[in-house]
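Here are my notes for you, written as numbered points. Keep the viewer open and click on each residue as it comes up.

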Amino acid sequence: MSEWWRDAVFYQVYVRSFADSDGDGVGDLPGITAKLDYLRELAVDAIWLTPFYPSPQADHGYDVADYVGVEPLFGTLDDFDELIASAHARDIRVVVDIVPNHSSSQHPWFTGPDRERRYVTVGGDDLPNNWPSNWGGPAWTYDDERGHWFLHLFAPEQPDLDWNRQLVRNDFREILRFWLDRGVDGFRIDVAHGLVKKASLENEPEPFPTNRFSSDWRTAIDQPEVHDVYRDWRRLIDEYDGDRVFVGEVVFSDQRRVAPYLRTDELHLAFNFSLVFQPWDADAIRESIGESLRELPIVTWVFENHDVTRIVTRFGGERQARAAALLLLALPGPAFMYQGQELGLEEVDLPDDVRQDPIFLRTEGQRKGRDGCRVPIPWTRELQANAWLPQPASWSEKSVAAQTGRDGSFLELYRAALSLRPSGSFAWRESQPGTLAFDRDELTCIVHFGDERMVDGEVVLASDADQTAVWVRR
Ligand code: GLC
C-alpha cells in the first residue's frame, strides 16, 4: 500500500468561495473543475471539498438536508462525477466532507414522523442539562409542536443525531458507500469527536469549560463508544481499493485526547489544531510542534481553514505568513492548506451588514464570526462585483492573475516550496533564542522570529529578502 496520505499536501476548497462558473456570485463544482490545472501546477496531492450537498445553507452547507445529492446552487451529481474524473486524470485525489454529528433541521429524518428514532430529544418542561451551544445560548431548543427538547451543539437549524442508535449508524454506512462507489478518495469528518454523547445526558462537570471550541467538554462529546463507530467505518473503507483515507476534525486542547482516534484500526489522520492557537513566537511554536510529535502517531499540520482567522492577520503580517509557509511545508507528515493561503490573503474586515456566519447572527454581533476568511478567491485583476462576500479592492493585485509569474509573489513562493518540499526524518537543531531550526534529510528549515539571523549553508529557498525563513542545504 502506498499510503499516499502520510506526507500529502491537501488543499481545502471552500466550495462557495472558490470559483464561480455561472456568475451568480457563489462558487460551484464546475468552477472547481475549471481550476484543476491551477491546482496541478501548484502541485498539491489532494483537495478537500467542503459540503456541497443539498442544504438550506444555515451554516453554509454544514447543515445537510440530503447526504447523497448535490445542492443546486453548486451543480449536479453529473458535475460531481466530472470533477472527480478530471481530478483523477491530473493525479489529484478528492476528499469530501461528511457531517455526521448533525443534519439540517430540514432533513426528512427530522421533519418526518421518525425524528425521535434518530435525534437526541427529551420530554419535560426543564432544560435537560447545562450543555451550551458552541455558538451561544443553550444547546437545547423546545419544539412546541412535538412537545420535546432537541439537542444542537451548533445552531438550532443543526439538530444532533443520536449515535447511540443503530439506525443512524446504518444510514451513515450507506452514505459512505454511496460516495466511495462514486470514487472519492476519502472523507474529512466534521466534529468527529462529537458524535456520541453520554447516554445519561448528564451535566458537564464544574467548573464549566469555557473553551468555545468545545474541546474540553467531558459529557457532550468524546464518549468511548465513538471509537466503535470509527472502527466500523475503518473496516468499511478498507473493503475499497485505492488507499482511501479518513481525516477527523478532532478538536481538543490536550493532544493526548486526540491520540486514541488515530489508533491503527480507526482514523488515518486527524487535524492537529495546536498551531492554529499559537502566537507568532519561537518558544510557543516549538513547544506546540514538539508536543504534537511526541503525543501523536502522525501529525496533520494546519495553519488555516474556513473557521479561523487567516495567518497574514493572525501572525501580524505578510512577512510572518510567508515564513509560516516554509515552516508548514517543511514539517514531517501531511499538511493542509486553505484556499487563498497561497495568495497571502488576509482576514477581511467586513461591514456587519454583509456578514452571514451564524456565529455573528446568533451572538448578535458580539463574535464577528468566520466570514472574514471566506471571501471568494480573486482569480483576475478585475474583481467580481457580485461575489457573495465583497472582495477588497486591494485583492486585485493579490489575484492569481497578478501573482502568477511575478517574482517573489506569495503564489510563486508556495509553488517553489511545494516543488522543493523536503522529506525524511525530523530532528531539532540547537538554535539561538527567537529562532527555530530543524533538519529533514539534507535540508534544514530555519525560522527567525526576531532580528537575529543564523543562516549557514546554501539557501535553497527564502521566504523573503530578509531571510525570515529559509531552507538551507547542508
Ligand atoms: C465544523 C466546521 C464548521 C461548522 C461546524 C458545524 O467545525 O468546520 O465550519 O460550522 O463544524 O458543522
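1. Asp 228 has a relative accessible area of 37%, so it counts as partly exposed. Keep in mind as you look around that this is a predicted model.

2. Which residue does Asp 228 pair with? Its salt-bridge partner is Arg 231, and the closest N and O atoms of the two are 3.0 Å apart. Arg 231 is partly exposed as well, with a relative accessible area of 25%. Side chains of opposite charge can pair when their charged atoms come close.

3. Now look at where these two sit. Both belong to helix H7 (residues 226-238), and because they are 3 residues apart, about one helical turn separates them. An α-helix has 3.6 residues a turn, so residues three or four places apart point the same way.

4. What about the rest of H7? Its buried residues are Val 226, His 227, Val 229, Tyr 230, Asp 232, Trp 233, Arg 234, Leu 236 and Ile 237.

5. For a contrast, find Asp 143 and Arg 115. They form a salt bridge in which the closest N and O atoms are 2.8 Å apart. This pair links distant parts of the chain: Asp 143 is in strand S5 (residues 140-143) and Arg 115 is in helix H5 (residues 115-118), 28 residues apart. Are these two buried or exposed? Both Asp 143 and Arg 115 are buried.

6. Salt bridges can also join up into a network. Here one links Asp 59, Asp 307, Asp 357, Arg 370 and Arg 374. Take Arg 370 from that group: it lies in the loop between helix H11 (358-362) and helix H12 (400-403). Arg 370 counts as buried because its relative accessible area is 10%, under the 20% cut-off. Leaving out residues up to four places away in sequence, Arg 370 touches Asp 59, Trp 135, His 306, Asp 307, Asp 357, Pro 358 and Ile 359.

7. Which residues are closest to the ligand? Out of 14 that surround it, the closest are Asp 59, Asp 190, Glu 249, His 306 and Asp 307. The side chain of Asp 190 has an N or O atom 2.7 Å from a ligand oxygen, and for the side chain of Glu 249 that distance is 2.8 Å. Taken alone, the ligand exposes 310 Å², and the protein buries 95% of that.

8. Next, a residue in a loop: Asn 101, between S3 and helix H4 (108-111). With a relative accessible area of 0%, Asn 101 is buried. Its side chain makes a polar contact of 3.0 Å with the side chain of His 102. Further along the sequence, its contacts include Phe 154, Trp 163, Val 191 and Lys 197.

9. Finally, two backbone angles to check. Asp 91 is not a glycine, yet its phi is positive, about 60°. You'll find Asp 91 in the loop between helix H3 (77-89) and S3, and it is exposed, with a relative accessible area of 69%. Gln 467 has a positive phi too, near 55°. Gln 467 is in the loop between strand S15 (458-462) and strand S16 (469-473), and it is partly exposed at 25%.

Terms used:
Residues numbered from 1 in each chain as written. Predicted model: local features only at pLDDT ≥ 70, side-chain atom pairs only at ≥ 80, totals over all residues. Heavy atoms only, no water. Salt bridge = Lys/Arg side-chain N within 4 Å of Asp/Glu carboxyl O. Helix = DSSP H or I, 4+ residues; strand = E, 2+ residues; numbered from the N terminus. Buried < 20%, exposed > 50% of the residue type's maximum accessible area, 1.4 Å probe, protein only. Near = heavy atom within 4 Å. Polar contact = N/O pair within 3.5 Å; in protein donor to acceptor, adjacent residues only side chain to side chain. Areas by Shrake-Rupley, 256 points an atom, 1.4 Å probe, with all protein chains shown as cover. Contact = heavy atoms within 4.5 Å.
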